[in-house]
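Reader: I have the sequence and the structure to hand. Could you take me through them?

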Amino acid sequence: MTDNRFFNRSELIGILVLAVFLVVVLPLTLDVFRLNLVAKYLTYAFVALGLVICWGYGGILSLGQGVFFGLGGYCMAMFLKLEASSVENTKIQSTPGIPDFMDWNQITALPFFWKPFNSLTFTIAAIILVPGIFALIIGTAMFKRRVGGTYFAIITQAVAAILTILIVGQQGYTGGINGMTDLRTLKGWDIRPDHAKIVLYFFEVGCLFVCIMIAQFVRHSKLGRILVAMREKEDRVRFSGYSVANFKIFAFCIAAVFAAIGGAMFALNVGFMSPSFVGIVPSIEMVIYTAVGGRLSILGAIYGTLLVNFAKTSLSETFPELWLFGLGGLFIAVVLAFPNGLAGIWGDYVQPRIDRLIASRKSKPDGWTDSSVADGAPAE
Amino acid sequence: MFGDYSLGDLGSIFVMQGFAGLILFSVYVLMALGLAIIFGQMGVINMAHGEFMILGAYVTWMTSNLFQTYMPSLFGGYFFLAMILAFLASGALGMLVEWVLIRHLYKRPLDTLLATWGLSLMLQQAYRSVFGAREVGVELPQWMLGSLHVTDSIEVPINGVFVMCLTVLITISVAYVMYKSRWGRQVRAVVQNRIMAGAVGINTEKVDRYTYGLGCGIAGVAGSAFTMIGSTGPTSGQLYIVDTFLVVVFGGAASLLGTIASAFSISQTQSTLEFFMSGSMAKVLTLLAVVGILMLRPQGLFALKVRK
């Protein structure tokens with residue numbers, strides 16, 4: 001396989017299987033309610049994807065991905081909330097035309113930082129730029145001073161705590177602990193009915209595949225190899241003349257932007273945004289999605305996210321008490337027994353057998369084709 | 001911001017808020033002492049530290065209930081027994097955790113974070129199943145209620161004074177154990193150079209286990225002291241874990257003095273600000289200041305100069 005391509009053959013098959021699974025199998029087999037749940041899970045997959053680059057390849061564990069998820073989500077939610085709070089919708093308020101929670105908190109005019117969110121173009125730019133620039137600032141401040149590893153994890157965690165407290169505390173500007181609810185339309189198009197949910201689901205899957213392609217590109221480019229080299233032996237990369245800090249900042253920023261896109265998708269698909277997706281607990285939970293899927297595997301992150309969330313929904317529906325034990329046990333098991341997650345198990349046990357199977361079949365004259373590979377791919 | 005208060009009022013406000021800050025300082029120091037040993041010395045990120053603290057708090061609560069039911073005459077002194085029990089319970093659990101979990105992960109510090117986070121989730125659920133989701137509070141003995149009148153406008157609660165004395169006592173004993181005793185020397189030797197420490201005959205595995213146990217035990221005592229000033233629920237520990245990590249990092253991870261200094265400055269800033277603005281903004285400003293300073297001075301206030 002040549003180096004400058006996006007993917008080699010087995011990765012191509014993996015991506016195709018995932019595409020078939022998400023675009024054909026799930027929409028055909030699930031009702032709209034469940035499909036919307038999958039859409040919600042997939043918003044976390046964006047975060048997990050970012051963590052694969054940042055944590056798996058770059059070795060930078062960020063426990064503050066919820067911050068970027070939240071920033072993206074809040075940017076989107078602010079736009080939707082403004083549209084839902086038009087003058088005729090809010091004429092019973094003492095100040096019509098501003099979001100309801102502002103009215104409840106005796107705010108009489110739209111704050112200045114809300115005003116640009118009347119424009120969809122600005123909102124889309126903000127979803128990418130606000131978290132990106134924020135990550136750039138944090139990353140520059142930390143990595144240029146060679147802060148890394150555990151210290152970085154703790155500081156990102158503190159940032160997550162700060163943002164949560166800020167959002168909850170500034171109820172009049174952010175909606176407080178309840179978040180921004182009752183989001184209705186996107187440019188006049190209602191996002192709540194079933195057919196809109198389906199359209200949004202496919203839109204989200206499309207965005208996810210764009211992000212997967214970007215991640216694949218990063219992984220196969222020279223950049224990806226420098227990231228891995230840096231993770232393994234940072235000093236040697238530095239002595240070879242590379243600016244380690246800049247590569248780390250790049251990985252952190254790209255993870256932040258992915259998380260922000262996920263957050264924006266969350267606001268669109270689920271119809272609200274609240275600080276409970278910003279803080280430390282969700283941020284660490286997002287890390288576990290990546291760890292379960294395999295911190296080195298781009299596709300594994302997506303399967304890991306889906307699997308953990310399915311388990312969470314079904315377990316907490318039936319045995320709410322068991323769920324925290326299950327999640328806690330999952331953390332410990334993944335770290336102790338399967339550091340490479342599902343992808344590691346797949347690569348160590350399943351893939352070699354399939355390869356052997358194909359090899360033995362190919363030697364026979366009746367000529368089985370590669371379709372058997374696709375059938376056996378990790379379609380949980 | 002100061003406009004409506006006279007100078008004398010302001011003085012009293014600062015003293016009283018300062019004292020409230022000192023109680024927060026005690027909790028931070030007690031929690032951070034254990035964490036400074038585990039994180040600062042051993043490099044393990046113990047996200048379950050808050051849960052070890054809460055275990056101590058629950059042990060104290062059970063002891064107080066026991067005394068109330070069977071030995072009401074001795075109730076005034078239950079706290080001292082409870083503290084010892086809390087230390088033993090948290091310490092024992094800590095050593096068990098080290099043996100089962102942590103010792104496999106010394107070479108992967110980031111993974112200790114994930115594993116101990118998982119542990120903390122399981123412990124939280126265990127507390128919820130055993131003790132119920134509602135917060136419990138212990139009944140204070142008679143001599144700890146009430147407050148001391150220092151001047152007309154300044155009052156300090158007795159339980160706060162007690163917790164502070166306790167903090168000072170524990171800090172001094174930890175400092176003694178770490179810096180003066182033979183065992184503390186072994187711990188520091190293992191931290192500085194594990195292979196050499198092993199080569200001169202120190203049983204490094206045993207030292208690791210007891211160090212972790214000691215750190216968790218101190219967290220248990222912190223929980224015990226915590227019951228004096230607040231109520232205990234299954235998730236109370238999680239509220240303090242980020243603050244405590246910041247205290248340890250801000251102080252310079254391996255320095256005991258730094259931990260105390262940073263706990264003092266963080267708690268005082270927060271409680272003084274709390275009087276002038278909402279609690280959440282005070283906390284945001286304090287944490288922002290800490291993160292900002294850490295960005296300028298990543299090694300913390302008091303950093304050991306070591307060659308890496």
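Author: A definition comes first: the expected span of a helix is 1.5 Å times one less than its number of residues. Helices (H or I, at least four residues) and strands (E, at least two) are DSSP runs, numbered from the N terminus. The model is predicted: local features need pLDDT of at least 70, side-chain atom pairs count only at pLDDT 80 or more, and totals for chains, interfaces and linings use all residues. Residues are numbered from 1 along each chain as its sequence is written, and chains are lettered from A and ligands numbered from 1 in the order in which they are written.

Reader: What span does H9(B) reach from its first C-alpha to its last?

Author: H9(B) reaches 24 Å with its 16 residues, close to the expected 22 Å. At B:Val242 the helix H9(B) bends by about 30°; the bend is the angle between axes fitted to the seven residues ending at a residue and the seven starting there. Just after H9(B), B:Gly252 takes a positive phi of about 95°.

Reader: How many residues of H9(B) are buried?

Author: Of its 16 residues, 14 are buried, so H9(B) is largely enclosed by the rest of the structure. A residue is buried if 20 or more other C-beta atoms lie within 10 Å of its own, exposed if 12 or fewer, and partly exposed in between, with C-beta atoms placed from the backbone.

Reader: Which helices of chain B touch chain A?

Author: The contact takes 33 residues from chain B and 36 residues from chain A, where two residues are in contact if their C-beta atoms, placed from the backbone, lie within 7 Å. On the chain B side, helices H4 (109-131), H9 (236-251) and H11 (279-296) each supply at least two residues. H4(B) gives the most, with 14 residues.

Reader: And by class, what is on that side of chain B?

Author: It has 24 nonpolar, 7 polar and 2 charged residues. Here Ala, Val, Leu, Ile, Met, Phe, Trp, Tyr, Cys and Pro count as nonpolar, Asp, Glu, Lys and Arg as charged, and the others, Gly among them, as polar.

Reader: What is in chain B overall?

Author: Chain B has 11 helices and 2 strands, in the order α-α-α-α-β-β-α-α-α-α-α-α-α along the sequence. Buried residues make up 48% of its 308 residues. Its C-alpha trace spans about 65 × 55 × 35 Å along the principal axes.

Reader: Turning to chain A, where does H2(A) bend?

Author: H2(A) bends by about 35° at A:Leu51. This helix covers residues 32-57 of chain A and reaches 36 Å, close to the 38 Å expected. In H2(A), 19 of the 26 residues are buried, so the helix is largely enclosed by the rest of the structure.

Reader: Is A:Lys187 buried or exposed?

Author: A:Lys187 is exposed, with 8 other C-beta atoms within 10 Å. A:Asp182 is partly exposed, with 15.
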